[in-house]
Amino acid sequence: MNKTNNASWQRLESVIRWANMTINHFGRHIGLIRSEALYQIKAGQHGISQALARRIVEKFPEVSIGWLLTGEGDMFGRQPLVRSVPFYEGEISGGVQRLVGGEPHCHLDIPLMEECDLAFRSSDEAMSPEIMVGTIVFLKKMGVNAIIPGGLYVIVCANYVILRRVRLEPKGLLRLETVNPTYDNMTISADQVQEVYRVVGNLKLY
C-alpha cells in the first residue's frame with residue numbers, strides 16, 4: 001500500500017482525532033492489548049479489517065462501519081448518538097457515592113458523547129485553566145489497573161476526592177499532577193485508591 005496515499009489511515013486518524021485520544025489510548029479503549037495493528041495501518045502495511053472496524057463501532061456506534069471499511073458515505077453514517085447523562089449538583093469532595101446518593105439534579109442530553117456514568121460541576125481550582133471552576137465534567141467508573149498514564153481522573157481515597165492528571169510511577173505508585181502552580185503534585189500508593197473515574201469529556205459554560 002502506498003504510504004503517501006493511505007486512505008485507510010486517513011479514515012482511522014479522523015476517528016482517533018475526533019475521539020480526542022492518542023493512538024495508544026485509542027487502541028486500549030477499543031480493547032487491543034497492543035496498538036501495533038494501528039501503527040501498521042499508519043505505515044501503509046494493510047487496511048482496516050472487519051474485526052477492527054467492529055471493535056471501533058462497538059465503542060463509537062455513531063461512526064459508520066461502511067465508511068471505515070470502504071470510505072464510501074460519511075463518517076457519521078447514522079443519526080448522531082445522544083446520551084442522557086445524570087447530572088449531580090453538589091460538591092464532589094465529599095465523595096462520589098454521597099453525591100449520587102439522591103436523585104440527579106437533571107439529565108444532560110449530549111450528542112456524540114462517549115458512554116459515561118455521571119456528570120458534576122467542578123469546583124476544584126487545581127486543574128485550572130485546563131478545567132476551570134464551573135466546568136461540567138463527565139465521568140466513567142473504571143479500575144485502577146485501567147488507568148492510562150497522562151489521563152484525567154477523579155481519584156477517590158479514604159480522606160479525599162480529587163480531580164488530577166495521573167502518571168504511573170514504579171512500585172505501584174500514582175503521581176497526581178495539577179495544572180495550577182499554586183497546588184502541589186502528590187504521589188500515592190495504588191492501594192490507597194478506593195475508586196477511579198475517568199474524565200471522558202467536559203463542558204465549559206463560560
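Which side chain does a polar contact of 2.9 Å join to that of His46? The partner is Gln40, whose side chain meets that of His46 at 2.9 Å; a polar contact here is a pair of N or O atoms within 3.5 Å, where within protein one must be able to donate a hydrogen and the other to accept it, and residues adjacent in sequence count only if both atoms are side-chain atoms. The model is a predicted one, in which local features need pLDDT of at least 70 and side-chain atom pairs count only at pLDDT 80 or more, while totals for chains, interfaces and linings use all residues. Residues are numbered from 1 along each chain as its sequence is written, and side-chain values use heavy atoms, with hydrogens and water left out.

His46 itself sits in the loop between α3 and α4. With a relative accessibility of 30%, His46 counts as partly exposed, a class lying between buried (under 20% relative accessible area) and exposed (over 50%), with a 1.4 Å probe and protein chains only. Trp9 is 37 residues away from His46 along the chain, yet their C-alpha atoms are separated by 9.3 Å.

Turning to the whole protein, the secondary structure comprises six helices and nine strands, taken as DSSP runs numbered from the N terminus (helices H or I, at least four residues; strands E, at least two). The C-alpha atoms fill a box of roughly 55 × 40 × 25 Å along the principal axes, and 45% of the 206 residues are buried. Among contacts (heavy atoms within 4.5 Å) with a separation of 6 or more, 54% come from residues 24 or more positions apart.

Helix α1 has twelve residues and spans 17 Å from its first C-alpha to its last, close to the 16 Å expected at 1.5 Å a residue; that expectation is 1.5 Å times one less than the number of residues. Its buried residues are Ser8, Trp9, Arg11, Leu12, Val15 and Ile16. Viewed down the axis of α1, these residues fall within an arc of 160°, so they line one face of the helix, the arc being that of the directions from the helix axis to the C-beta atoms. Their cover includes α2, α3, α4 and α5. At the start of α1, a side-chain oxygen of Asn6 comes to within 3.3 Å of the backbone nitrogen of Ser8, and after the helix follows Asn20, with a positive phi near 60°.

The largest nonpolar core has 22 residues, of which Leu12, Val15, Phe26, Leu52, Ile56, Phe60 and Leu68 touch the most other members. Such a core is a set of buried Ala, Val, Leu, Ile, Met, Phe, Trp, Tyr and Cys residues joined through side-chain atoms within 4.5 Å. Two or more residues each come from α1 (7–18), α2 (23–29), α3 (36–42), α4 (50–59) and α5 (65–70). Leaving aside residues up to four places away in sequence, Ile56 touches Leu12, Val15, Phe26, Ile30 and Leu68. Another core, of 17 residues, lies apart from this one and includes Ile92, Leu118, Met127 and Leu152.

Among the strands, β4 (residues 136–142) is mostly covered, with five of its seven residues buried. Strand β3 (residues 118–121) runs antiparallel to β4 and is joined to it by four bridges, Arg121 having Ile136 as its bridge partner; strands pair if DSSP finds at least two bridges between them. Seven bridges link β4 to the antiparallel strand β9 (residues 195–203), where Arg198 is the bridge partner of Lys140. Arg198 counts as buried because its relative accessibility is 11%. Its contacts beyond four places in sequence include His25, His29, Glu114 and Tyr153.
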